[in-house]
Amino acid sequence: MTTRVLLSELPGYGKLQALADGVKAASIEQFFTAQPNRASDFTLAAAGLGLDYSKHLVTPPVLAQLLDLVKPSGLDTDIQSLFGGEPINNTEGRPALHTLLRASSDQGLPDEFNQVRAARATMQRWAGRLNSGEQKGYSGATITDVVNIGIGGSDLGPRLVTEALKPFQGNISCHYVANVDPADLQDTLLELDPESTLFIVCSKSFRTEETLTNSLAARAWLLNAGASEADLDKHFIAVTSNLGAAADFGIPAGNCLPMWDWVGGRYSVWSAIGLSCAIAIGWDRFEEFLAGAEAMDTHFRSSPPATNMPLIMGLLEVWYGNFLQAGNHVVLPYDHGLRRLPDFLQQLTMESNGKGVSLDGRALPYTTGPVLWGSAGTIGQHSFHQLLHQGTLLCPADFVLPLRTHTGMGEQHRRLVANCLAQSRTLMVGRSPEAARTALLGRGLGGDEASRLAPHLAMPGNRPNSVITMDSVNPGSLGALLALYEHRTFCSARLWGINPFDQWGVELGKEIGTDILGRLSGQTSAGAMDPSTERLMRAWRNAQS
């Protein structure tokens with residue numbers, strides 16, 4: 001392939017470095033004085049979401065220079081290539097067609113879209129059977145509970161969507177098992193009845209170790225309860241490409257939904273991997289979820305850079321990571337239903353952009369994907385917000401704020417919103433040593449004591465953050481939110497010159513894990529492990545005796 005220009009080779013890179021030196025000593029609060037319209041000028045709207053990025057260490061010259069990276073980096077062309085089905089996943093020679101999964105037309109890819117439509121029809125049929133009570137278990141009992149067994153993208157996305165959209169849940173309760181630790185499956189099954197439980201096994205190969213181990217245990221649970229092997233098709237659905245392995249397990253082809261190699265796991269909640277979501281909220285609501293994502297796709301594909309919400313967020317990520325040395329990013333959803341959003345985004349961003357070489361295999365001379373972390377709403381205020389306000393790390397933050405609640409508890413929601421806006425403002429304005437001393441004097445302390453304690457009460461402020469708003473958490477707004485972060489991740493990746501759609505870094509650990517499992521199972525293996533691993537394996541063997 002043609003050698004791609006790296007971020008550090010772009011004409012604007014040096015200019016941004018110079019601008020960064022000036023911005024480090026600037027005051028975000030004073031930016032509002034210099035720009036009377038900053039709050040509106042630095043706010044965008046798209047697909048039912050709002051992005052206020054006015055509280056950032058970004059001046060108009062910085063923003064203009066960041067936007068000037070887009071064309072020479074090739075990002076504008078990459079966006080069209082993504083939607084056009086070109087093999088943008090260059091290391092595996094594949095397109096990345098997750099946007100087609102939520103499209104309402106074929107986007108010039110009729111063969112793939114026909115496959116998507118067929119899968120949707122099957123999903124709709126299963127969601128209807130379960131929600132209508134038509135699906136029966138081996139004893140004739142109506143299925144009331146669904147357990148999704150998967151890991152990574154086959155778990156994090158569906159789990160987030162189901163929990164976030166709980167107010168829209170129908171007749172079926174959906175549960176999720178991912179950890180190969182037996183306690184995960186055991187704790188889930190303790191509250192369920194085998195006669196009325198259905199499992200969805202999500203594994204492209206039907207060989208994913210954690211998923212297959214849990215699925216075999218679920219199978220044994222059913223058989224031990226009185227089901228026969230001939231009854232397993234009443235209790236198991238698979239989302240897989242390996243129909244033979246599914247059949248050997250006891251899941252016939254008619255109970256299998258497809259997975260395609262042109263959709264990565266962390267981008268797959270829009271596919272049959274989202275079947276548990278469609279069951280939980282019903283097909284009509286699931287279609288609203290897809291439509292919300294498609295609305296963000298349309299915005300991303302057609303909006304110019306200056307008003308393109310995912311692109312602006314990607315530019316900000318590059319700005320902080322490469323010019324202001326922020327190696328992390330915190331996401332703070334102020335909604336209990338979105339409490340798993342940081343978990344989902346960890347995989348999306350760090351598995352996508354945790355790369356150290358360019359598209360053509362060159363070692364990169366700059367940092368790429370930051371560590372993403374976070375927690376829900378006020379929970380974080382009583383744990384890690386101390387570090388955000390007074391720590392030495394620069395932690396750019398995203399506050400995610402629904403403006404309405406489904407609970408009907410308006411006073412509590414008013415307090416939640418006040419907390420969110422207060423944290424966003426406090427990160428920006430901080431508290432000077434002088435203001436800290438005055439506050440301490442107001443508490444009745446003497447002058448000397450107030451002076452002594454003032455540095456401990458002071459907060460530097462100038463901590464950058466965005467506020468992402470939506471009317472409420474509903475299927476459409478959630479779809480738009482997840483698509484927003486998908487596209488932001490793509491923009492950052494292409495500015496860094498990396499491929500966000502492969503994940504070769506997870507493979508070696510799996511290979512070594514298979515070797516160690518064999519050794520723990522008593523199989524002989526050529527070669528010795530390192531002394532530490534050998535010692536730890538002996539400790540495990542000794543604990544079993």
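Modeller: D231 and K234 meet through their side chains in a salt bridge, 3.4 Å from N to O. The term means a side-chain nitrogen of Lys or Arg within 4 Å of a carboxyl oxygen of Asp or Glu. D231 is buried at 15% relative accessibility, while K234 is partly exposed at 30%. Here buried means under 20% relative accessible area, exposed over 50%, and partly exposed in between (1.4 Å probe, protein chains only).

This is a predicted model: local features need pLDDT of at least 70, side-chain atom pairs count only at pLDDT 80 or more, and totals for chains, interfaces and linings use all residues. Residues are numbered from 1 along each chain as its sequence is written, and side-chain values use heavy atoms, with hydrogens and water left out.

Next, helix 13. E288 and R285 both lie in it, three residues apart, about one turn of the helix. Helices are DSSP runs (H or I, at least four residues), numbered from the N terminus. The side chains of E288 and R285 form a salt bridge at 3.3 Å, N to O. E288 is partly exposed at 34%, and R285 is partly exposed at 33%.

D297 pairs with R102, with 2.7 Å between the closest N and O atoms. D297 is buried, at 2% relative accessible area. R102 is buried too, at 2%.

Salt bridges also link R4, D78 and R494 in a network. The count comes to 25 salt bridges.

Notes. Helices (H or I, at least four residues) and strands (E, at least two) are DSSP runs, numbered from the N terminus.
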